[in-house]
Protein chains: 2
Amino acid sequence: MGKKEVLEEKSLTRRSLLSGAGKIAVVGAGIVAVSGGLSLFSKAEAKGPQALPWPYEKLDTKEVGKIAYDGWYKAFCSYGVASGILTPLQTKIGEPYTLLPVEGLRLGEGGTVGWGTLCGSLLGATVALGFVAPYDVGKQILNELLQWYSDTDLPIYKPETLKAEVKVMSVSNSPLCHVSVSNWCKKAGKAFGSPERKDRCARITADVAVKTVMLLNDWKDGKFKSTLKHPPALYGTPSQHNCGGCHSTKIPEVIK
Amino acid sequence: MGKKEVLEEKSLTRRSLLSGAGKIAVVGAGIVAVSGGLSLFSKAEAKGPQALPWPYEKLDTKEVGKIAYDGWYKAFCSYGVASGILTPLQTKIGEPYTLLPVEGLRLGEGGTVGWGTLCGSLLGATVALGFVAPYDVGKQILNELLQWYSDTDLPIYKPETLKAEVKVMSVSNSPLCHVSVSNWCKKAGKAFGSPERKDRCARITADVAVKTVMLLNDWKDGKFKSTLKHPPALYGTPSQHNCGGCHSTKIPEVIK
C-alpha cells in the first residue's frame, strides 16, 4: 500500500528526529496506542500559538451532544459536529480555538453541498480531529469513527425537547451520506424533507460528536487503543469494507 | 427539498436583516450571482478578526498549482489543495490566514483516511472555501467544482520536474476517491501503489486547487455565475447525478 508506506517512512524519520516529542507505542502489527504529539511539520513552519496539535481537555459528552444537536438546526451536520467539539474547547481553553470561525465548516452539509458523499457529520469530525489530535492519533480515531458509524444502529441520541418522533434506527453499512440517509428513509418510510428525517440527522450529528469526544477522552486518559487497519492496508486501494454494497454484480479485481 | 428550503428561508430572513451587507442578484430560477458577504451568524457570535468570509485577493493559478502538487508529496491530497489555496493567502494577506495551521487539514487523505469517500482534494477545497468565500458563494462554487471534477478528463496539470510519466487521463463520473482512483488505475493498467498513480493524484490535487482558485478569482472579478442546481433540488435527496453508477440493476424510488 504505497500511500501508507510513504507516510510511515516519513513518520519514522520524524520519530527519530523528534524522539521524546510524543509517546508512541506500537504494541504489535496494526495495534497502536499513542499519546502526545508528532508532526511531519517542523516548528519553523508553524507560526505562533497555533502549532498542532492544539491543547485538548476532556469534554463532557452530554454538553457536546446538545451543542451538536442544536448545531444541526442552525447549520446542519458538518457545522454541528465541528461546533459540538470545538465550541466547548473555545470556552475551556480559549486561543487558538477562539481564532477558528467554526461556522466556516458548514459546507460538508448533505455529504458536501448535497452530493451525498462523506456524511457531513464525519467531515466535521475530520476537520476537528485534525486540529485537536496528533496526526497519528487523529488518523486512527477517524478510522474507528467511520467503522463505528457504518456498523452501528443510529441514531442513539435523545434530545431533551422533542422536535419529531424518531423511532426507527438503522445501520448505514457506509460512511456515505446518500447511503446512510437512504437506508434510514426506506426503513422509516419517511421522505428526505420530513421532520423525522431532519431530526434523525440532527441526532446522528450529536452521536458522531459524542463518539468522537469519547475516543478523544480515552486518548487523553491514555486508554485509546486501536487494532483496526485502514482500508488500503486490507484491499490495496482506498475503499469501504463492503465492496458488494455498490458492486452488486461483480467486484472488480484490484490491480497489484 | 427540505434542507434547501430551510436554508433559503433563513437566508431570506438574514437578507432582510442585513440588507446592504452583501450584493446578491438572483437572475432567474437557479441562476445566482453573488458578491460580498452574507452569513447566518451574527457579528456578536464571531470573535475578533476572523469573522467570515476572510479577505480574498486574486491568486496566481501557476503558483497555486505548484504548491498543491508539491503539497501532495508532503501530506497528500486534502492538505495539498488546502495549502495551494491558503498558503499564498497567508503570504498576501497575513492574519487571519496565518492563524490557521493548514497541516491540520490532512485527514481527508484517500477519501478520509483511506475510506475512498469524497476525494481528499475536494475536502481540502471544501474547508478552504468555507473560510474564503461567503457561504452562498462557497456552496455554489463547490457545486460547480464537484461537477467539473466528475465530468473532466484528469489530470491536466503538468509538473515542472517529471517524477513519473502520467499519460493516461480519465473521467471519474464521481467525486468519490475510490471511483476516481479505480477508474484511472483500470484505464492506465497501474496499481494504487505505483509511482504513476501517486503522481496522477498529485496532479489532480493541483488541478482541483487551480480550478477552485479560477472560480474564486472569477467571483472576485464579479464574473462568477452558476446555473447549476444542487443534487437534492433535482433528486429529492443528497446524491450524485449518475444513479446507475452504483445502482447497476434497479434504481430505488425516492420517497416523496
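At what angle do helix α3 (residues 120-132) of chain A and helix α6 (residues 195-220) of chain A pack, and how far apart are their axes? We'll get there after a look at the whole chain.

First, some housekeeping. This is a predicted model, in which local features need pLDDT of at least 70 and side-chain atom pairs count only at pLDDT 80 or more, while totals for chains, interfaces and linings use all residues. Residues are numbered from 1 along each chain as its sequence is written, with chains lettered from A and ligands numbered from 1 in the order in which they are written.

Chain A has seven helices and two strands, taken from DSSP runs (H or I, at least four residues, for helices; E, at least two, for strands) and numbered from the N terminus. Of its 256 residues, 49% count as buried, that is, with 20 or more other C-beta atoms within 10 Å of their own, the C-beta atoms being placed from the backbone. Take the contacts in chain A (C-beta atoms, placed from the backbone, within 7 Å) with a separation of 6 or more: 65% of them join residues 24 or more positions apart.

Now back to that helix pair. The angle is about 25 degrees and the axes are 10 Å apart; axes here are lines fitted to C-alpha atoms over the stretch in contact, and angles run from 0 to 180 degrees between N-to-C directions. α3(A) and α6(A) are therefore roughly parallel to each other, the term for angles under 35 degrees. On one side, α3(A) brings A:Ser121, A:Leu122, A:Ala125, A:Ala128, A:Leu129 and A:Val132 to the contact, and on the other, α6(A) brings A:Ile204, A:Thr205, A:Val208, A:Thr212 and A:Leu216. Sorted by class, that makes eight nonpolar residues, three polar and no charged. Nonpolar covers Ala, Val, Leu, Ile, Met, Phe, Trp, Tyr, Cys and Pro; charged covers Asp, Glu, Lys and Arg; the others, Gly among them, are polar.

What about chain B? A rotation of 180 degrees with 0.0 Å of shift along its axis superposes chain B on chain A, at an RMSD of 0.0 Å. That is the relation of a two-fold axis. Copies are superposed by least squares on the C-alpha atoms of residues with pLDDT of at least 70 in both. In chain B, B:Cys246 comes closest to the rotation axis, its C-alpha at 2.4 Å.

At the interface, 71 residues of chain B are in contact with 72 residues of chain A. On the chain B side, α3(B) gives the most, with seven residues.

Notes. A residue is buried if 20 or more other C-beta atoms lie within 10 Å of its own, exposed if 12 or fewer, and partly exposed in between; C-beta atoms are placed from the backbone. Two residues are in contact if their C-beta atoms, placed from the backbone, lie within 7 Å. Angles under 35 degrees count as roughly parallel, over 145 as roughly antiparallel, 65 to 115 as roughly perpendicular and the rest as oblique.
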